[in-house]
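Biologist: Could you take me through one part of this fold at close range, the sheet and the helices beside it? I'd be glad of a connected account.

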Amino acid sequence: MKNFSNARRQFLKTSAAAGAMAAAGLCAPAALAQARTVKIGYVTPQTGPLAAFAEVDQFTIDGFLQSVSGGIKSGGRTFDVEIVVKDSQSNPNRAAEVAKELIVDDEIDIMIVAHTPETTNPVTTICEIEEIPCVSSVAPWQPWFIGRQGNPGDPATWKPFDYTHHFFWGLEDIIAVFLNMWNQLDTNRSVGGLFPNDADGNAWGDPNLGMPPAFAAARFDLTDPGRYENLQDDFSAQISAFKDASCEILTGVVLPPDFATFWTQAAQQGYRPKAASVGKAILFPSAVNAIGDAAHNLSSEIWWSNVHPFSSSLTGQSAADVCESYESQTGKQWTQPLGFVHALFEVVTDVLKRIDSVNDVEEVSAAVAATDLQTLVGPVKWDGANLPPFAQKNVSKTPLVGGQWRKSDDGLFRITIVDNQTYPDIPVGGEMQPIG
């Protein structure tokens, strides 16, 4: 049975259609042939410490609306499209609040959301409760799937979702990428871990399901000083622990401002590892360039880049084309979310082309699940490939490789892919180098 809010929205739409038919008299059949505007809700952290993820949003939305300016054709009808954007303010509570607003007040038909579990999890949870089809990305699948379970610590209780589907990589992929990069260097195999007290940090640092057991199996020793609170201003305890353990490798999943603070304090306190492979914090050119020369050879996971061998199903543009267009139009360097936000709109467009009624949430959700699409970030298909059984219904995995930041002739840092063992079709541009 549909919940009250969906039932109310459906009643209003049905009543409005019936009223229009009655008023139109003999013209009613023509009214039926006219498809209504589809509303897409989009929750994104436009402000706050996660705002760098959303820097590409307006460019991508403008490009999407231009690509579908003639409407989206489905059967004998054409859908016009409206996008309603809400700012999560980088706050999970706010993300849930605006998701509810989009569903109840704005009466959206389908939701998209991206940019870390702090944004994706509350939004997809609300969509699952309200029975609204939702496609999400830009969060590792474990914190997205496991973090939303009633008892994340008990796998026997985990259940799949009916209305929410996700595409991105998983912790097993980033572990493989980081290990591949570190194995290119001569180190003492001692790793320091920076894991905050949030969905990402708790997932990455989980002693059973996160990085620790995988590092141990690969003969790397992890020093984990424990969870810290985001946006803190003193990392002396962590730095001291890493120095005491002679950690020549640093890893973690850190907010950009927190890593800038840590890296500055580490230099001041005499801690300089040979490798620093950190998720989230150094994904963005703006954050890396702000660090300055100390950013040379910092490494991270690469979900998408200008050399990825994929093209858009919407525009036919290659990854290189999209990056070049972004830089020429905005005057900024491209960032990795550019490909994935674009792909969210690719998936939604593909879904709308394959449905008979946007009013039928079961049909829309089934169409999402049946997606088999070549996108700007690679294939998106919820076929369960390379996933444990419990996540196969809701997750589609995308490629991941590793790279380092190096200064270009123009003085700006740019990413160089240094390991592609996990996806050889993505070309490397150099070898892993120690920080020095």
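This is a predicted model: local features need pLDDT of at least 70, side-chain atom pairs count only at pLDDT 80 or more; totals for chains, interfaces and linings use all residues.

Modeller: Happy to. In it, S137 stands opposite F167 in β7. The strands concerned are β6, residues 134–137, and β7, residues 164–167, which run parallel to each other and are joined over 4 bridges.

Now the wider setting. These strands belong to an open sheet of 6 strands with parallel pairing, ordered β4-β1-β5-β6-β7-β15. At its edges stand β4 (81–87) and β15 (395–396); each has a single partner strand, so one side of each lacks a neighbour in the sheet. Packed on the sheet is helix α14, residues 337–353, which touches β1 (38–44), β4, β5 (110–114), β6 and β7. The direction of α14 makes about 165 degrees with that of β5.

Helix α14 also has a helical partner. Two packed helices are described by the angle between their axes and the distance between the axes. For α3 (residues 57–67) and α14, the axes come within 9 Å and cross at roughly 30 degrees, and the crossing is right-handed. On the α3 side, the contact is made by D57, F59, T60, I61 and F64, which meet L338, V341, H342, F345 and T349 in α14. Sorted by class, this contact comprises 6 nonpolar, 3 polar and 1 charged residues.

Conventions. Residues are numbered from 1 along each chain as its sequence is written. Side-chain values use heavy atoms; hydrogens and water are left out. Two strands pair if DSSP finds at least two bridges between them. Helices (H or I, at least four residues) and strands (E, at least two) are DSSP runs, numbered from the N terminus. Contact means heavy atoms within 4.5 Å. Axes are lines fitted to C-alpha atoms, for helices over the stretch in contact, and angles run from 0 to 180 degrees between N-to-C directions. A crossing is left-handed if the near helix is turned anticlockwise from the far one by less than a right angle, and right-handed if clockwise. Ala, Val, Leu, Ile, Met, Phe, Trp, Tyr, Cys and Pro count as nonpolar, Asp, Glu, Lys and Arg as charged, and the others, Gly among them, as polar.
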